[in-house]
Amino acid sequence: MLLAATFIFISILVGWDLASDRAGGVDTAHMIIELLILLIAAAGALSLLARDWQQRRRLRELSNTVQNAHSDSAQWRSRYQETVEGLGRAIQAQFRDWNLSNSEAEIGLLLLKGLGLKEIAALRGTSERTVREQARAVYRKSGVANRASLSAFFLEDLLLPATQVSQQDTE
C-alpha cells in the first residue's frame, strides 16, 4: 500500500510539473518524457491497488472458510461430545496399557491430531530432535510403524466397512 501511495504521489508531482511546463512553453520532448513518467507511475499505482484489492478479497474468503470450518467442527464436537470424550478416554487407556510416559502420551495425542514434529516442538517448547525421539518411543511401545499406523490403530474399528456405509446411504 505504501508503494502504491508513492506511485500516486509521483503521479501528482509529475502531473503538476507537466501542467506548469505546458504553461511555460517547455520543449515538447521534455513534456513527452514527463507524460510517459506520469503514465508509468499511474499504471504502477493502479496495478498495486488492484493486487492489494485481490489479496484482501482472498484473505476475506480464507477467513470465511476458516470460520466456517471452526463452526462445523464445533457443531460436530457438540453433536458427538459423548463419543469424542469416550474415544479420548479409550485412547488414554491404551496409552497407559502401552506404558507411555506422560510426555510420550502427549506426543501421541498431538501426532493423532495431525501436527508435524516441528509444530509439536514449538508447541511444547522442546527441540524437534526430542519430539522425534519421543515419537519413536510411542511407535516402538505401541508396536506400530508410523503416524498413519498409529491413527489407523484407533480409527480402523470405529469406521464402518464401505459395504455398510453404502447400505446406510440407500436406506
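Select Leu-3, Ala-4, Phe-7, Ile-8, Ile-10, Ser-11, Val-14, Gly-15, Asp-17, Leu-18, Asp-21 and Arg-22 in H1. They meet His-30, Met-31, Glu-34, Leu-35, Ile-37, Leu-38, Ala-41, Ala-42, Gly-44, Ala-45, Leu-48 and Leu-49 in H2. Contact means heavy atoms within 4.5 Å. The residues of this contact of H1 with H2 divide into 16 nonpolar, four polar and four charged. (Ala, Val, Leu, Ile, Met, Phe, Trp, Tyr, Cys and Pro count as nonpolar; Asp, Glu, Lys and Arg as charged; the others, Gly among them, as polar.)

This is a predicted model: local features need pLDDT of at least 70, side-chain atom pairs count only at pLDDT 80 or more, and totals for chains, interfaces and linings use all residues. Residues are numbered from 1 along each chain as its sequence is written, and side-chain values use heavy atoms, with hydrogens and water left out.

Now show helix H1 (residues 2-24) and helix H2 (residues 28-79) whole. Helices are DSSP runs (H or I, at least four residues), numbered from the N terminus. The two axes come within 8 Å and cross at roughly 155°. (Axes are lines fitted to C-alpha atoms, for helices over the stretch in contact; angles run from 0 to 180 degrees between N-to-C directions.) H1 is therefore roughly antiparallel to H2, a term for angles over 145 degrees.

Go next to H4 and helix H5 (residues 117-124). Their axes come within 10 Å and cross at roughly 130°. So H4 and H5 are oblique to each other.

Leaving out residues up to four places away in sequence, Leu-117 touches Leu-111, Glu-128, Val-131, Arg-132, Ala-135 and Arg-147.

Last stop: the largest pocket, with a volume of about 610 Å³. (On a 1 Å grid over the protein atoms alone, a pocket is an open set of points where a 1.4 Å probe fits, with protein on both sides within 12 Å along at least five of seven lines; lining residues have an atom within 4 Å of a point. Points are joined across faces, edges and corners, and a volume is the space filled by probe spheres set on them.) Of its 14 lining residues, select the closest to the centre: Trp-76, Val-84, Leu-87, Ile-91 and Leu-155. H3 gives the largest share of the lining, five residues.

Terms used
Helices (H or I, at least four residues) and strands (E, at least two) are DSSP runs, numbered from the N terminus. Angles under 35 degrees count as roughly parallel, over 145 as roughly antiparallel, 65 to 115 as roughly perpendicular and the rest as oblique.
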